[in-house]
Amino acid sequence: MVGQPHSDDEGPIADAEQRAERLRSHEHQFGQRGERFDRRSPFVVGLTASAGVAVTYGAVRVLGAMSSVLVLIGVAMFFALGLETAVSWLVNRKVPRWAAVAVVVTLVFALIAGTLAATIPPLVQEARQLAEQLPHYLQHAHDRSSLIGRIDERVHLQQRITELANGSGRFTVAGIVHTGSQVFGVVSHVGIVAMLTVYFLADMRRIRTGFYRLMPNSRRPRAILIGDAVVAKFGAYLFGNVLTSIIAGFATFVWCLLLDVPYAVLLGVVVAILDLFPYGSTVGGFIVTAVALSVSIPVAIATVAFYMGFRLGEDYLLTPKIIGRAVRVPAGVTVVAVLLGAAWLGVVGALVAIPLAAALQLLARELLFPILDDA
């Protein structure tokens with residue numbers, strides 16, 4: 001049906017067409033399969049090796065070009081895996097999956113919207129007060145007998161703040177456009193992550209089924225047990241991390257109110273955000289202590305003692321009780337994982353470092369160590 005009329009001047013193709021006609025049958029419309037290639041022939045070995053190198057190089061280049069998109073997809077999958085345990089909890093209590101997804105997503109967005117609505121007005125007010133009090137703090141820097149003056153004499157704090165203010169005070173059209181594009185990029189990335197999280201969460205059953213279908217049938221039951229345990233670790237870590245961060249922010253807010261440390265709401269939000277990352281409450285404690293110096297030195301010393309006690313309580317009371325045994329990673333492994341994650345993916349890498357380390361620890365214990373023990 002193609003290239004008619006055929007004739008003998010087509011050479012070897014004409015002979016192949018005649019043999020192809022003899023191969024055709026009712027059972028095998030396109031003929032039977034021929035003999036397999038000799039995989040040990042030099043040509044096949046060289047071609048396979050060259051193709052493997054080319055495919056690997058191409059895959060690395062493609063992944064590098066799509067790195068920003070893959071990070072967004074990975075963050076969305078991280079949040080989806082973290083929320084999946086809550087959805088499955090509702091499904092196990094006779095709630096339809098679509099309704100469970102809708103309930104969990106609605107609660108998350110309502111919590112975020114309520115938090116923003118409650119904190120943005122006092123944040124704006126306290127930020128305005130901080131801007132108004134900044135010249136007063138700079139005046140103290142001229143007084144060499146004050147604590148701030150002695151700090152300024154050592155580290156030239158006033159000069160650095162002045163340079164920062166002068167640098168940020170130069171408004172140009174290009175700078176405004178650049179800032180606007182960065183803000184738009186952040187907002188669009190947040191929207192993409194939120195949308196993908198909802199999609200992944202709604203379609204988690206198919207994603208889970210497709211992933212386990214990639215496993216050999218003989219290994220599939222054990223893969224299901226290990227894979228579901230890994231997902232449970234993500235869920236426990238996400239829930240526990242958010243809850244401990246809220247507790248850290250609320251404790252900071254109450255402490256600042258009791259000791260009349262200014263900007264209580266602003267400092268509480270800062271500490272809550274920093275506590276999302278490992279050892280973030282310690283960094284937040286330094287910030288709160290620096291602000292407490294504006295009240296008095298005893299208040300600053302008491303703030304240091306408060307955050308030392310809170311750090312111990314978070315490590316030995318809150319984290320074991322809230323996260324439990326689901327995410328059990330040694331302290332040394334935690335520090336190394338956070339450093340590697342931050343060096344690899346920045347803030348995102350530091351955020352997901354601990355659950356990834358817990359998952360790798362589980363996989364090594366169940367898959368790698370038994371093989372090495374039997375070797």
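Predicted model: local features only at pLDDT ≥ 70, side-chain atom pairs only at ≥ 80, totals over all residues.

I started with contacts (heavy atoms within 4.5 Å). Among contacts in the protein chain between residues at least 6 apart in sequence, 63% join residues at least 24 apart. Residues are numbered from 1 along each chain as its sequence is written, and side-chain values use heavy atoms, with hydrogens and water left out.

**Entry: the fold.** I looked up the secondary structure, taking helices (H or I, at least four residues) and strands (E, at least two) as DSSP runs numbered from the N terminus. The protein chain has 14 helices and zero strands. Next I checked burial, where buried means under 20% relative accessible area, exposed over 50%, and partly exposed in between (1.4 Å probe, protein chains only). Of the 375 residues in the protein chain, 27% count as buried.

**Entry: salt bridges.** How many salt bridges are there? I used the rule of a side-chain nitrogen of Lys or Arg within 4 Å of a carboxyl oxygen of Asp or Glu, and by this rule the count comes to six. The background is friendly enough: side chains of opposite charge can pair when their charged atoms come close.

I picked R97 with E84, a salt bridge whose closest N and O atoms are 2.8 Å apart. R97 sits in helix α4 (residues 97-142) and E84 in helix α3 (residues 67-91), so this pair ties together parts that are 13 residues apart in sequence. Buried or exposed, I wondered, is R97? R97 is buried, at a relative accessible area of 16%, and E84 is buried too, at 10%.

R206 and D203 gave me another salt bridge, with 2.7 Å between the closest N and O atoms. Here R206 counts as exposed at 64% relative accessibility, while D203 is partly exposed at 28%.

Then I turned to R222 and E366, whose side chains meet in a salt bridge at 3.2 Å, N to O. R222 lies in helix α9 (residues 220-258) and E366 in helix α14 (residues 347-374), so the pair ties together parts that are 144 residues apart in sequence. Both R222, at 43% relative accessibility, and E366, at 28%, count as partly exposed. I also noted that salt bridges with shared partners join R222, R365 and E366 into one network.

**Entry: helix α10.** Which residues of helix α10 (residues 264-274) are buried? I found A264, V265, L267, G268, V271 and A272. They cover an arc of only 165° around the axis, which puts them on the same side of α10; the arc is that of the directions from the helix axis to the C-beta atoms.

**Entry: the second largest pocket.** On a 1 Å grid over the protein atoms alone, a pocket is an open set of points where a 1.4 Å probe fits, with protein on both sides within 12 Å along at least five of seven lines; lining residues have an atom within 4 Å of a point. The second largest pocket is lined by 31 residues, and F211, Y212, G227, D228 and V231 lie nearest its centre. The elements giving two or more residues to this lining are α3, α8 (204-213), α9 and α14. The largest share, nine residues, comes from α9.
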